Amino acid sequence: MPSHHTPTQTAYEARMLRVVQYIYANLEGDLSLDTLADVACMSRFHWHRVYHSMTGETLANAIRRIRLCRAAGYLLQSEEAIETIAVKCGYPSVQSFNRAFKAGFACSPGVFRKTGTRVPSLGLTKQGPVAMYEVSIKDEPARHLAAIPHQGDYMKIGEAFDKLAAIFTSRQLWPVSGEAIGVYFDDPEAVAEPNLRSVAGMVVPASVEMTGGLEPVDLPSGPHAVLRHVGPYAGLHAAYTYLFGEWLPASGHEARNSPSFEVYVNAPQDTPANELVTDIYLPLES
């Protein structure tokens, strides 16, 4: 299998993982080409070419994407001032943050905070307006994942996915990979944020070796409720609220004792935030 990688490939993989971890941990710090080349222990003259060739994404675009995704999460999940969020995400001024955010999300941070995300029509409940989504029931096959665990805020699982991508590139696993999937084991309303457990995974054949940070995760076959969400990942909370709070109680179905998961139909690397498509899968009793 392609997962038999050489010592040189292992070394490059480790460099990639160091840089990904450094970017996520230092969004408000110095993420210049020179600094990241030092983190990777490579010449600045070659580092950017290596990163771009291995990931298909320029460093500048990766940093911009990560900063904007983090900012979107802060806007929807906190009451911090926009000025504070701009600084935490590495922007020198509110003006530069506004320009970058509008380029990425097609609206200003203030408008995004008010509207949250593009949602389907609104229904009314005793609690007030609630987003309405289409939910279908599908009989799904079992899925075997190669995964990297993540603990803490679900909105920060992107770091685990970027590490996973670096490993798949280094080990030439993309040709045998399937869906990109996030598995979420805990209810964020019931479990403290630092203790939330999730994994970033890719569907792979059983023959792929689980070494060097990869862990196997198996999702069982059977009926699932499937909700499609279109828009920024930061708006997924509203979709879960509808699925568990509105659809499930009225559906006549029972949730199975198995974690819900998300299948990412496209990727933020090459898709505008408002066009991201995420399918949420809720396992049901047969």
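Author: A salt bridge is counted here where a side-chain nitrogen of Lys or Arg lies within 4 Å of a carboxyl oxygen of Asp or Glu. By that rule the structure, which is a predicted model, holds 9 salt bridges. Side chains of opposite charge can pair when their charged atoms come close.

Let us begin with the sheet itself. It is an open sheet of 8 strands, in the order E3-E8-E10-E9-E5-E6-E4-E7, with antiparallel pairing. Its edges are strand E3 (135-140) and strand E7 (215-219), each of which pairs on one side only. On average, neighbouring strands of this sheet are turned by 35° against each other, direction ignored. Strands of a sheet pair through backbone hydrogen bonds, either parallel or antiparallel.

E4 and E7 run antiparallel and are joined by 5 bridges. Within this pairing, alanine 146 stands opposite proline 216 in E7. Leucine 145 also lies in strand E4. In sequence, leucine 145 and proline 216 are 71 residues apart, yet their C-alpha atoms are 5.6 Å apart in space.

Helix H8 (residues 158-170) lies across E4, strand E5 (180-184), strand E6 (197-203) and strand E9 (260-264), and runs at about 130° to E4. Helix H9 (residues 236-251) packs on the sheet as well, where it touches E3, E5, strand E8 (222-230), E9 and strand E10 (277-283). The direction of H9 makes about 35° with that of E10.

The charged pairs come next. Glutamate 140 forms a salt bridge with arginine 143, with the closest N and O atoms 2.8 Å apart. Glutamate 140 is buried, at a relative accessible area of 10%, and arginine 143 is buried too, at 7%. Another salt bridge joins the side chains of aspartate 186 and arginine 197, at 2.9 Å from N to O. Aspartate 186 lies in the loop between E5 and E6 and arginine 197 in strand E6, so this pair ties together parts that are 11 residues apart in sequence. Aspartate 186 is buried, with a relative accessible area of 15%, whereas arginine 197 is partly exposed, with 43%.

The domain assignment gives domain 1 (7-115) and domain 2 (135-283). Their centres, taken over C-alpha atoms, are separated by 22 Å. In this interface, 23 residues of domain 1 are in contact with 21 residues of domain 2. The area buried between the two domains is about 1,800 Å², and carbon and sulfur atoms give 58% of that area. On the side of domain 1, Glu13, Tyr24 and Arg65 lose the most area to domain 2, together 27% of what that side buries. The rule finds 2 salt bridges across this interface. Arginine 65 also meets aspartate 162 in a salt bridge of 3.4 Å, N to O, between their side chains. Glu57, Arg65 and Asp162 are linked in a network of salt bridges.

Technical notes: Residues numbered from 1 in each chain as written. Predicted model: local features only at pLDDT ≥ 70, side-chain atom pairs only at ≥ 80, totals over all residues. Heavy atoms only, no water. Pairing = 2+ DSSP bridges. Helix = DSSP H or I, 4+ residues; strand = E, 2+ residues; numbered from the N terminus. Axes fitted to C-alpha atoms, helices over the stretch in contact; angles between N-to-C directions. Contact = heavy atoms within 4.5 Å. Domains from an automatic or database assignment. Buried area = accessible area lost by both parts, 1.4 Å probe. Buried < 20%, exposed > 50% of the residue type's maximum accessible area, 1.4 Å probe, protein only.
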